[in-house]
Amino acid sequence: MSDEPFLATVHAGSTTLSPSRREVVGFDLEGRPIHWFRAGETYKRSLASEVFGRRRERGTRRRWRVPSEDTERLFARALAVAREAQASLADIVVTGSGGELARRVERVLEWTPESLAAERERFLRVYQPVSILPPDQYQSVVLQASFGCSWNRCTFCTFYQDRPFRMRRIDEFEAHVAGVKGLLGAAAEARESVFLADGNALVLANSKLRPVFEVARSAFPGRPINAFVDVFSGEKKGLEQWRELRELGLGRVAIGVETGNDELLGWLNKPGSADEAAEFVACLKEAGLSVSVIVMVGAGGRRFAEAHLADSLALLERLPLDAEDLVYLSPFVLQPGSAYETRAAEGGVEPLDEDEAAAQYAAFRAGARSRVGAAKVALYHIDEFVY
């Protein structure tokens with residue numbers, strides 16, 4: 001028997017139970033486990049009840065998808081922690097609203113490992129795969145107003161290869177939103193924004209986006225709406241159109257700039273230029289929107305390394321960013337079977353090795369922080385995304 005106190009934290013949108021310093025389990029307001037820390041390993045459960053583990057091995061981050069049989073064991077252990085809490089409520093050291101803890105623990109214990117695993121079927125009735133989000137949107141309410149990406153030809157990206165770009169009909173979108181509300185339940189309270197998916201939803205005409213925004217705001221009131229858009233798609237809208245979207249509830253636009261080097265952009269098969277990126281970000285800022293600018297560290301390997309760094313930092317320095325904006329530095333991840341892999345092999349473009357990649361990231365981070373004023377510079381690991 002441990003002499004450590006059993007700790008619990010009652011957050012506004014979640015509950016954390018910790019029988020010892022070596023184990024912590026978090027639950028959403030529906031009582032479903034959402035994250036664990038146990039024996040030096042961290043686990044996260046997606047809405048589809050897939051569980052992903054993470055740990056450090058000799059300084060390297062290792063991430064893996066937990067097999068289904070191990071997932072159910074983790075679910076069982078999470079529920080066992082809740083039963084321990086219920087059996088010793090009087091002795092638990094509680095941070096937050098202690099009077100709420102008993103009710104929340106009871107809600108957790110309405111679940112079984114089998115019913116938690118069955119959440120995957122509920123998810124698949126509501127969503128097509130949610131491929132990627134910016135890190136600040138991992139806890140958003142994702143609403144799939146469209147599918148795929150309107151361009152879908154960047155050599156490095158395979159997220160939307162399995163689906164053509166299309167918009168949902170508004171009645172279909174309304175049914176989807178109702179399904180999302182049902183799936184999230186009370187746990188929606190912890191999600192403070194709406195993310196309009198998929199990859200390039202804001203390319204749609206404002207006349208098509210207006211009813212989409214109205215449905216989203218009605219279902220999830222008081223939350224800003226955020227979304228991806230590419231420079232070459234977004235610049236087709238004028239300043240007044242972006243102002244209209246801001247009035248409709250748009251708060252933040254995430255832009256995959258990738259690089260400030262035009263030659264590398266072309267090699268990545270991504271239309272646009274550094275000048276166009278600068279003009280587009282300036283337009284969004286003038287419209288009163290916040291932006292998240294994403295730069296892909298390591299893209300183009302050794303051939304483009306010097307120009308990629310210099311031109312990307314020069315571009316960041318030109319952007320009129322403020323304290324509401326984000327600059328994401330995203331380490332390049334080679335997608336097996338991608339056009340990038342083929343092009344690099346045919347053209348002899350060698351990837352940065354581990355030390356070179358770390359050095360480029362450090363140079364990007366230091367350079368970006370000195371150039372973007374009050375905007376926040378953050379790491380964006382695309383392989384750690386869980387929705």
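At what angle do helix H11 and helix H13 pack, and how far apart are their axes? Before selecting anything, note that this is a predicted model, in which local features need pLDDT of at least 70 and side-chain atom pairs count only at pLDDT 80 or more, while totals for chains, interfaces and linings use all residues. Residues are numbered from 1 along each chain as its sequence is written, and side-chain values use heavy atoms, with hydrogens and water left out.

**First stop: H11 and H13**

Select residues 301–318 for H11 and residues 354–369 for H13, which pack at an angle of about 15° with their axes 10 Å apart. Helices here (H or I, at least four residues) and strands (E, at least two) are DSSP runs numbered from the N terminus, and the axes are lines fitted to C-alpha atoms, for helices over the stretch in contact, with angles from 0 to 180 degrees between N-to-C directions. That angle makes H11 roughly parallel to H13, a term that covers angles under 35 degrees.

To see the contact (heavy atoms within 4.5 Å), display Arg302, Ala305, His308, Leu309, Ser312, Leu313 and Leu316 in H11, which meet Glu356, Gln360, Ala363, Phe364, Gly367 and Ala368 in H13. The residues of this contact divide into 7 nonpolar, 4 polar and 2 charged, where Ala, Val, Leu, Ile, Met, Phe, Trp, Tyr, Cys and Pro count as nonpolar, Asp, Glu, Lys and Arg as charged, and the others, Gly among them, as polar.

**Second stop: the cysteines**

With a disulfide taken as a pair of cysteine sulfur atoms within 2.5 Å, the count comes to 0 disulfides. Cysteine 154 is in none, since the nearest cysteine sulfur, that of cysteine 149, is 6.5 Å away. The sulfur of cysteine 157 lies 6.6 Å from the closest cysteine sulfur, in cysteine 154, which is too far for a bond.

Move to glutamate 119 in helix H4 (residues 119–126), which counts as buried at 3% relative accessibility. Not counting residues up to four places away in sequence, glutamate 119 touches Arg32, Arg45, Leu47, Ser49, Trp111 and Leu183.

**Last stop: glycine 249**

Finally, select glycine 249, found in the loop between helix H8 (239–248) and strand E14 (250–258) and counted as buried at 18% relative accessibility. Leaving aside neighbours within four places in sequence, glycine 249 is in contact with Phe213, Arg217, Pro224 and Ile225. A C-alpha to C-alpha distance drawn from glycine 249 to leucine 124 spans 28 Å, the two being 125 residues apart in sequence.

Methods:
Parallel < 35°, antiparallel > 145°, perpendicular 65-115°, else oblique. Buried < 20%, exposed > 50% of the residue type's maximum accessible area, 1.4 Å probe, protein only.
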